[in-house]
Amino acid sequence: HEAYQEQMKLKVEAEKAAELEKAEFKAQPIQTEDKFVCKYVEERPLTEVEEFNMPGQFFHEHAQRQLQKKKQQLAQNDRKSSNFVARPKPVFKKKRLDIHSSKPLTAAGSPQFASKARIAKRKAFDERMKQKMAAEEAKRAAEAAAQKAAEEEEIKAIRKSMEFKAKPINFNMPAEPRQNHVEPKPLTTPLTPEFQTAKRAMLRSLNPME
């Protein structure tokens, strides 16, 4: 038992020593030389600065040249307009040229207007329309007269059917008056109606004082 305790004690001390060794801070050594810096640098000439070769520069120069040409042309036009230049004197008298034509003279005549023909066509059209309207009016009048006559005939027929017509006298009737034959049936005997029910009659018989 004592040996086991001694062994456990040594084990606990070893674990504590390992923990203290882990907890102890160990700084890394300081780097005296930079590993990212190249020691041997090749000697090269300095870079010469050049202007960017952009496509917009070409268009800008072209636009500047066009603008300069336009300004020069406008200045030239202004100088020309400021200089007075007299026009030549007009010549109003022209030399007469007698040219004889070989064409015959034109025969003058009254113009032929289409208004007369149009007036005649219009008159003919108006006549046709008048005749057509007269025929339609006569047709309507005939139809109205026929309808009125039919209505009158129908009214007459209705009035004839509504008249009272007496029946003719029958001369074949007998001279003696007709006698009514009475059947020998017994006369009806009147009876008193019974309005009380059987139950009420029984109660009345039981209580005669009511």
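The secondary structure of the protein chain amounts to four helices and zero strands, where helices (H or I, at least four residues) and strands (E, at least two) are DSSP runs numbered from the N terminus. Read along the sequence, these elements follow the pattern α-α-α-α. This is a predicted model, in which local features need pLDDT of at least 70 and side-chain atom pairs count only at pLDDT 80 or more, while totals for chains, interfaces and linings use all residues. Residues are numbered from 1 along each chain as its sequence is written, and side-chain values use heavy atoms, with hydrogens and water left out.

**Exposure of the chain**

- Of the 210 residues of the protein chain, 0% count as buried, a class that means under 20% relative accessible area, with exposed being over 50% and partly exposed in between (1.4 Å probe, protein chains only).
- The protein chain exposes about 24,600 Å², of which carbon and sulfur atoms supply 58%; accessible areas come from the Shrake-Rupley method with a 1.4 Å probe, and for residues only the protein chains shown count as cover.

- A search of the whole structure finds two salt bridges, each defined as a side-chain nitrogen of Lys or Arg within 4 Å of a carboxyl oxygen of Asp or Glu.
- One of them joins the side chains of D126 and R122 at 3.6 Å, N to O; because D126 and R122 are four residues apart in helix α3, about one helical turn separates them.
- D126 is partly exposed, since its relative accessible area is 31%.
- The side chains of R140 and E137 also meet in a salt bridge, at 2.6 Å, N to O, and these two residues, being three apart in helix α3, are likewise separated by about one helical turn.
- R140 counts as partly exposed at 46% relative accessibility, and E137 counts as partly exposed at 46%.

**Surface patches**

- Patches are made of residues with over 30% relative accessible area and no salt bridge, with like charges joined within 9 Å and nonpolar side chains (Val, Leu, Ile, Met, Phe, Trp, Tyr) within 5 Å.
- E151, E152, E153 and E154 gather in a surface patch of negative charge, where Lys and Arg count as positive and Asp and Glu as negative, His and the chain ends not being counted, and where the place of a charge is taken as NZ of Lys, CZ of Arg, CG of Asp or CD of Glu.
- E154 lies in helix α3, residues 115–162, and counts as exposed because its relative accessibility is 52%.
- M202, L203 and L206 make a nonpolar surface patch of about 310 Å².
- L203 has its place in helix α4, residues 198–206, and at 42% relative accessibility L203 counts as partly exposed.
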